[in-house]
Amino acid sequence: MDRYLVFGHPVRHSKSPFIHTLFARQTQQELEYGLAEPAIDEFAHALRTFFDQGGKGCNVTVPFKEQAFALVDRLSPRAKRAGAVNTIKLTDDGVLLGDNTDGAGLVADLKSHGVTLADSRILLLGAGGAARGALAPLLAELPSELLIANRTHTKAQQLAAEFHDLGPVTAQTYEQLAGPFDLVINSTSASLQGELPPLAPALIHTDIAIYDMMYGASDTAFISWAKQHGARQTMDGLGMLVEQAAEAFTVWRGIRPGTKQVLRELKRNLGVI
Ligand code: ATR
């Protein structure tokens with residue numbers, strides 16, 4: 001049977017095996033999908049061993065995405081832009097192809113929620129790996145403006161300069177931001193420490209769409225905060241997780257699985273519904 005897995009550390013709580021097993025059942029593909037948690041300095045060896053032993057493809061999550069970027073034989077254009085790899089496929093001619101499906105997953109999830117990106121004014125919070133992966137797919141949707149705000153302003157400036165050729169992207173400090181925005185995407189890891197990005201509450205209004213790339217069994221700190229200040233449409237990163245997985249599955253198997261039912265089952269599994 002064709003073997004796939006996700007590399008991460010820690011990875012025990014990953015939902016990828018659950019999601020891909022449902023995709024395989026739905027599309028009647030015979031495959032198995034497991035977990036691997038190598039020590040940080042053992043990733044390269046573990047990756048090589050997996051493919052030497054017949055593995056067909058893998059996902060890569062924190063903290064290995066940058067290492068994977070350096071280790072594959074070839075990169076897709078979107079992985080090159082993201083500077084990170086979350087999906088690897090062994091091609092028929094024995095080449096390890098590195099791809100990145102995170103940004104495509106974000107855009108697919110936003111669209112599935114009915115969020116309009118074309119001609120919209122988007123605020124992206126954070127300038128780390130998650131923000132970098134989102135920029136090219138967001139700019140491809142032709143927003144009128146995409147502003148990046150980050151605690152460390154120089155990182156936002158660097159990122160904006162790097163993606164400037166793809167569209168109207170600029171950096172501003174949190175203090176400089178002036179609304180109205182149509183969509184705010186939180187890519188920061190602030191909620192991991194139970195913190196909030198320092199965004200002025202006045203920027204939140206009833207018609208704004210709020211997206212937090214994080215997710216949990218209950219509202220993230222950022223989503224709770226946005227709701228308190230009047231946001232009616234809030235979305236967390238669970239849909240992005242399922243959509244990036246669907247994109248990876250399509251890269252591997254050439255068949256695109258449906259995501260709605262799988263997202264529902266995942267929510268049930270997490271106790272969200
Ligand atoms: P990831 O790969 O998830 O993007 P990362 O590369 O470590 O993780 O980036 C984390 C992002 O969250 C950064 O933009 C970070 O801001 P800095 O560049 O100033 O470090 C942002 N971040 C983390 N904690 C934050 C907090 N409490 N408030 C605001 N931004 C925060």
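User: To start with, what do the side chains of Lys65 and Asp102 meet in?

Analyst: This is a predicted model. In it, the side chains of Lys65 and Asp102 meet in a salt bridge, with 2.8 Å from N to O. Lys65 belongs to helix 3 (residues 65-71) and Asp102 to helix 5 (residues 102-112), so the pair ties together parts that are 37 residues apart in sequence.

User: Are these two buried or exposed?

Analyst: Lys65 has a relative accessible area of 19% and is therefore buried, since the limit for that class is under 20%. Asp102 is buried as well, at 16%.

User: How many salt bridges are there?

Analyst: The count comes to 12 salt bridges. Another one is formed by the side chains of Glu145 and Arg121, at 2.8 Å from N to O. This pair links distant parts of the chain, with Glu145 in strand 8 (residues 145-149) and Arg121 in strand 7 (residues 121-125), 24 residues apart. Glu145 counts as partly exposed, at 26% relative accessibility.

User: And what about Glu247 and Arg256, at what distance do they meet?

Analyst: Their side chains form a salt bridge of 3.0 Å, N to O. Glu247 counts as buried, with 15% relative accessibility. Salt bridges with shared partners join Arg78, Asp99, Glu247 and Arg256 into one network.

User: Let us change topic. Which residues are closest to the ligand?

Analyst: The ligand is surrounded by 14 residues, and the closest are Asn150, Arg151, Thr152, Lys155 and Glu195. By type, the shell divides into 3 nonpolar, 8 polar and 3 charged residues.

User: Which atoms lie by the oxygen atoms of the ligand?

Analyst: In the side chain of Thr152, an N or O atom is 2.5 Å from an oxygen atom of the ligand. From the backbone, a polar atom of Ala130 is 2.9 Å from a ligand oxygen, and an N or O atom of Gly129 lies 3.0 Å from one. Taken alone, the ligand exposes 640 Å², of which the protein buries 75%.

User: Which residues have a positive phi here without being glycine?

Analyst: Asp119 is one of them, with phi near 60°, and Leu142 is another, with phi of about 60°. Asp119 lies in the loop between helix 5 and strand 7, whereas Leu142 is found in the loop between helix 6 (129-139) and strand 8.

User: Are they buried or exposed?

Analyst: Asp119 counts as exposed at 65% relative accessibility. Leu142 counts as exposed too, at 61%.

User: One last item: what does Ala44 touch?

Analyst: Leaving aside residues up to four places away in sequence, Ala44 touches Gln67 and Leu71. Ala44 lies in helix 2 (residues 43-52) and is partly exposed, with a relative accessible area of 23%. Its C-alpha atom is separated by 21 Å from that of Asp92, 48 residues apart along the chain.

Definitions and conventions. Residues numbered from 1 in each chain as written. Predicted model: local features only at pLDDT ≥ 70, side-chain atom pairs only at ≥ 80, totals over all residues. Heavy atoms only, no water. Salt bridge = Lys/Arg side-chain N within 4 Å of Asp/Glu carboxyl O. Helix = DSSP H or I, 4+ residues; strand = E, 2+ residues; numbered from the N terminus. Buried < 20%, exposed > 50% of the residue type's maximum accessible area, 1.4 Å probe, protein only. Near = heavy atom within 4 Å. Polar contact = N/O pair within 3.5 Å; in protein donor to acceptor, adjacent residues only side chain to side chain. Areas by Shrake-Rupley, 256 points an atom, 1.4 Å probe, with all protein chains shown as cover. Nonpolar A, V, L, I, M, F, W, Y, C, P; charged D, E, K, R; others polar. Contact = heavy atoms within 4.5 Å.
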